[in-house]
Each structure stands twice: as structure tokens, then as C-alpha cells.
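User: I am new to this structure. Please walk me through it in short steps.

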Amino acid sequence: MDMQLIIFVLYFLVVFLIGWYSMRATSSESDYWIAGGKLGWGVGGATMAATHTSAGTFIGTIGVIYAVGWSFAWVLLSIPLAYWFMVAVLAPRFTKVKELTLPAFLQRRYASKATRGLGAFIILIATVVYVQAQIVAGGLVANIVFGVPTTTGMVVFTLILIVYTVLGGMLAVAYTDFLQMVIMTIGTIVSVPLAVSHFGNFENLINMVQVVKPLTFQWGGFSTSLLITMGLAFFLGSVATPEKLVRLYAMKDMRTIRRGILLTIILVTGINLMVFILGLAAMALFPVLPTGDLAMPVIARAVLPTFIGTIMLAAVTSAMMSTVDSLLLVAGSALSEDIYQNLIHTNATEKRRLLVARIGIVIVGTVPLLLILGGFAKGELIQFIVVLFTAIMAAGFFTPVVGGVLWKRANKAGAIASMIGGVLVTGIWKVFGDAEIYPVLPGFIASVLLFVVVSLMTPAPKESLWKPYFEK
Amino acid sequence: MPGFIFWGLFLFLGLILVGYIGWMLWIEKGK
């Protein structure tokens, strides 16, 4: 217990130091939102990977493997392909004109404040609720590790996150993400051999899984249509969510992005594969857990020595924090940069804009916490939106962003129709549609159709709008 | 040991990785 406390206190101390150092290095809005566009490939790639890897990877993904078997693991193929698409097709054009936020890109490309406001609104609603769920998870980890009440855990967890993000902006988030990625990597690299050695060797583990759950290595454990549509959701979500796209602005140049994303691909697929193998170990050791979500905690407790188990829990905490800090930054920028500075108070000084930026982060960080403490939107609604989060972001942003830099004819009306239509159809399908098809597929089809049809029905955009993205 | 359903995934992931690195080197050599 004491050792666990020391490890966590040390970890939080380092995180605060990074926040403090980053604040001193931040003097402009560009520094605050995109680290001045100066990140190298190491930190850039690691922050992308850390943002991608959430508590969901360590709790949810391992849980699905535990429940349905190895066929689900094939969804993983969509992730490296998505990042490759992002670097090869999207990034070279998307980063031609550097912005501070994704909605700012929408405003420039479509000459429309409405697209920017709409984009910011979608980001705000989706992230605030998503952050809420992560805070609840943070409270649970604190409860397991320190035995403190869940509420205390949630408050402490949120305050730590808010403090370093408010102080240092993207720079603090990128460097803490780097640290958190190192912890996640160490946690998984150390745990997997230990878990496997519990069975003697890897082959024994596999044989044992086949004895205990013979269907694990059969196709069809997971419905193929769901597998393919979830793969599409992972693909679209990896390419087009705002917290990923701003990281393209934060990295120095295309050469840096290509190297950084190679690192991201290696880290994300590597960590996922190792987590899948932990899922197999959980199957062999505990074939009848009430829910797959318990697979990681029981493995950490049963197979790993206390010290390594603590590192593993620190890794889960890191996965959570590195995703939430990036979302806070994106939601904060949507509130203060895209909505307040752009629509309400348009001619503030640099110093005032930085202040407003920081206030924005405080608001988007505390609102979810207050909602939880006040008992609002607990349980089902949160779970509902968490499942939908990536789908909504992907259905809302993929088409206007990718279409905007690939298709000269795309215009404002098409972009707005595609964002609203994509999000609505995704939500409606989730409630009324066929559960065998993940809602992002119909949402994505609707967004593409509306984008194309509405753009063609309305006047073509001025050349000056699309030209910057098409220059060699 | 399980067959393609297990090792096939590693094979494809490996191919994608090799493909990406090859593409990256090819792009940068051309510039």
C-alpha cells in the first residue's frame, strides 16, 4: 500500500513539474493550443498514441476479447491502415494552412462561421459527457489503489488533470502523454511475459484457452457485419477526430508527421496485441467472470507481483489521463477559441485570449465533475454517449475534413448538411436501427451522400477557398 | 496451436508495417 502511494505521488509530482515547465514555455495562443507547431516525431507520435489509447483499451477491449474470442482482434487491422491514410492522403493537404483548432479549418475552407460554431458545438457536447465517464473510471481506480472513497478519487483525479492542462496547454499535454505512454509501454511489456510464464510457455497458454473455451479461435465468435462496421468506425475515428487532427498541426512538418505516425502505429498496435494476450490469460485462468471488464483487474491481482500490478494500474490511469487531457484541450479550444473569441468577443489582446483559453479548460473540466457530483446524467445516458462518442465524431467530421481537401467543389451547404446529417443518423440508428450494424456505417453513408448532393445542388465555392489545399 | 485466425493477424499487421516503412522511405527518396 505504501509503495503504491509513493509510486502514484511521484508520478503526479512529475506531471505537475511538466505542467509548470510548459507554462513557462508558453507565451502565445499558438503555443497553448498546438505547442507552437514545433513538436518533434518522438513526442508527437507518442502523444498521438497516448491519446488513442484510453482506459477503454485496458478495460473494454480486453473485456471484448475475453467475451467473444480472437476474431474481434482483427478489428485492429483498421488502425494502422487509418493512420497510413491520414499521413499519406489527408495530412499533406490538411496541414498546408496551419490553424489552432479543427473548427477553424472548417471556417477557412468553407468561409462560414456557422460550420465552425457547429463543429465546436458537436465537440463540446460529445467530449463533456465522454470526460464524465472517464472521471467515474478514475474514481474507481483511486478506490481500488488507495481505498479512498470513489468521490474523493474523482475530485482529486479531475483537479490534477485540470491543473496541468490549464497551466501548460498542448505542450504540457504532449509531454505528460509521452510520460504516460512510457508507463503504459513498460506496464504491458513487463506484465505479458509474467502472465505467460504463469503457464510455462505461450503454447501452453493457447492450449489451455482452447480447452477452456474451444470457440475462442473460431471465426464467427463475433458477427462479421459487426466486425467490419466496427473496423470502419475505428478507421474513421482514428483519422478524423479533432483531438487527433490538431496533433497534425502541432507537429513540425510532413517529415516529422511521417516518422511520428510510424511510432504511433507501432505503439498502438503493440499495446493492443499485448492487451489481447492478457485477455487470453484471463480466459484460461478465470473462465467464468461475470463481465469481461473484470479481466484486467483480476489478472493484475492474481498473476502480477504487487509492484508490477501497481505499474499496471498506473498504466491504466495513464491511459485515462492522456486521453482526457487531450479531450479537455480540444473542448476548451472549442469553447474559448471557436465560440467565444470567434463569435462573441472577436478583438481581444493576445494576453486576454490566453486567459480566456485557460478559463475555457477550467469550465470544460469542472462541468462534467459537477454534473456527476450533482447526480446528473449518471449511468445509462453516459454509457450511451461513450459508446457513441467515436461514431459521432467520425460521422460529424470525417467527410467535411477529408472531402474538403480532396474535392474542390465541396461547399458550405454540403459541409453543414453532412455534419448534421451524419450525427443525427448515427444517433437515430443507435436507438432504432439494427444492432448487427455499428451505427457509424449508416451515419457515414448519410454524411457522404448529403455532402455530395447538397454541394452539387448549391453554387460552387470561390477558388480562393480550396486553392491553398491543392497547391503542390 | 490455432491456425490462420491467430497468426494471420500478425502476418497482416507485419505486412502493413513493412509497407508503411517502405512507402515512407520511397517518398523521402523521391524528394
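User: What percentage of the residues of chain B count as buried?
Analyst: This is a predicted model, where local features need pLDDT of at least 70, side-chain atom pairs count only at pLDDT 80 or more, and totals for chains, interfaces and linings use all residues. Residues are numbered from 1 along each chain as its sequence is written, with chains lettered from A and ligands numbered from 1 in the order in which they are written. A residue is buried if 20 or more other C-beta atoms lie within 10 Å of its own, with C-beta atoms placed from the backbone. Of the 31 residues of chain B, the buried share is 10%.

User: How many residues does chain B bring to the contact with chain A?
Analyst: Residues are in contact if their C-beta atoms, placed from the backbone, lie within 7 Å. Chain A gives 18 residues, and chain B gives 13.

User: Which residue in H15(A) that meets H8(A) is an arginine?
Analyst: H8(A) brings residues including Met154(A) and Val166(A). On the H15(A) side, Ile361(A) and Gly365(A) are among them, and the arginine is Arg358(A).

User: At what angle do the axes of helix H8 and helix H15 of chain A cross?
Analyst: Helices are DSSP runs (H or I, at least four residues), numbered from the N terminus. Axes are lines fitted to C-alpha atoms, for helices over the stretch in contact, and angles run from 0 to 180 degrees between N-to-C directions. The axes of H8(A) and H15(A) come within 9 Å and cross at roughly 170°. That makes the pair roughly antiparallel (angles over 145 degrees).

Notes:
A residue is buried if 20 or more other C-beta atoms lie within 10 Å of its own, exposed if 12 or fewer, and partly exposed in between; C-beta atoms are placed from the backbone. Two residues are in contact if their C-beta atoms, placed from the backbone, lie within 7 Å. Helices (H or I, at least four residues) and strands (E, at least two) are DSSP runs, numbered from the N terminus. Angles under 35 degrees count as roughly parallel, over 145 as roughly antiparallel, 65 to 115 as roughly perpendicular and the rest as oblique.
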